[in-house]
Amino acid sequence: MKIVPFLKSLSRSVHNQEQHDQHDELELNTVGACTTLTVWRKSLLISCKGFTVIDSNGDLVYRVDNYVGHPEEVILMDASGKSVLTMRRRKKLSLVDSWFVHEGEVGDYCRTRTSKSSPTFCVRKNMNVLNANPNILAYVYREAWGHKRYAYLIEGSYTHRSCKVLDEYRNVVAEIKRKEANIGGVSYGVEVFHLIVHPGFDDGFAMALVLVLDQLFS
């Protein structure tokens with residue numbers, strides 16, 4: 001699905017600048033094997049708040065349109081509007097802010113019930129208490145609370161759009177990087193940034209983590 005010329009121009013400008021910046025790092029970091037998406041913190045629908053995610057060709061890959069009536073639920077959709085993942089805030093009383101990640105669209109507002117009802121992951125905010133590492137933003141657990149050991153951790157600063165998602169062996173599987181794109185004299189600041197997904201990691205799930213971070217730290 002092709003999107004408006006403005007977004008195509010934005011995507012190409014940002015990716016061209018990125019390719020220039022990464023030229024000296026290709027051999028060390030194998031950036032060429034990664035998937036780089038441009039994330040725009042804005043919905044394509046005027047009446048909604050959300051995200052628009054495009055690839056280097058200017059094609060729409062993912063979209064998020066959050067209607068005002070459902071603040072506890074965020075649905076990641078593909079270009080055609082089909083739900084990919086649903087993020088829902090944990091409603092039970094807890095000192096730790098947590099979000100469940102479900103496949104497809106679930107809950108009271110789902111249009112189709114083809115997805116699993118139980119969550120596949122739980123993202124828990126790091127509370128920075130006692131000996132906790134303040135650089136860690138959140139922990140990601142498989143099957144909600146079924147595993148005590150985290151599957152992934154997220155560290156850095158979402159506010160500054162500088163984060164890394166690491167697996168349990170501390171291998172980087174995805175990154176959020178701020179990119180200043182000046183098109184026509186306009187700076188996009190933190191509203192436009194890169195999501196870099198390393199080989200073997202699902203880009204849809206990486207975008208789901210971005211959405212949860214936005215809820216936890218915006």
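**Entry 1, a word to settle.** Before looking at any residue, I noted that buried means under 20% relative accessible area, exposed means over 50%, and partly exposed lies in between. I also wrote down that this is a predicted model.

I looked up C48, and it has a relative accessible area of 9%, so I put it down as buried. C163 comes to 3% relative accessibility, so it counts as buried as well.

**Entry 3, the overall view.** I stepped back to take in the protein as a whole. I listed three helices and 14 strands. Of the 218 residues, 49% are buried. The accessible surface comes to about 11700 Å², and carbon and sulfur atoms hold 51% of that. I also checked the contacts with a separation of 6 or more: 38% of them are between residues 24 or more positions apart.

Which residues have the most contacts inside the largest nonpolar core? They are M87 and F201, in a core of 40 residues. Helix 3, residues 203-217, gives the most to this core, with ten residues. Another core lies apart from it and has six residues, including Y139, Y141, L153 and L166. I then followed F201 and left aside its neighbours within four places in sequence. On that count F201 is in contact with Y152, V165, V173, A174, A206 and L209.

I found R88 in strand 5, which covers residues 83-89. Is R88 buried or exposed? Its relative accessibility is 18%, and the cut-off for buried is under 20%, so R88 counts as buried. I looked for a partner and found one: the side chain of R88 makes a polar contact with the side chain of E73, at 3.0 Å.

My last stop was N135, in the loop between strand 7 (121-125) and strand 8 (136-142). With a relative accessible area of 36%, N135 falls between the two cut-offs of 20% and 50%, so I noted it as partly exposed. Which residues does N135 touch, not counting those up to four places away in sequence? I wrote down I154, E155 and G156. N135 and E155 are 20 residues apart in sequence, and their C-alpha atoms are 5.4 Å apart in space.

Terms used: Residues numbered from 1 in each chain as written. Predicted model: local features only at pLDDT ≥ 70, side-chain atom pairs only at ≥ 80, totals over all residues. Heavy atoms only, no water. Core = buried A, V, L, I, M, F, W, Y, C linked by side-chain atoms within 4.5 Å. Buried < 20%, exposed > 50% of the residue type's maximum accessible area, 1.4 Å probe, protein only. Helix = DSSP H or I, 4+ residues; strand = E, 2+ residues; numbered from the N terminus. Contact = heavy atoms within 4.5 Å. Areas by Shrake-Rupley, 256 points an atom, 1.4 Å probe, with all protein chains shown as cover. Polar contact = N/O pair within 3.5 Å; in protein donor to acceptor, adjacent residues only side chain to side chain.
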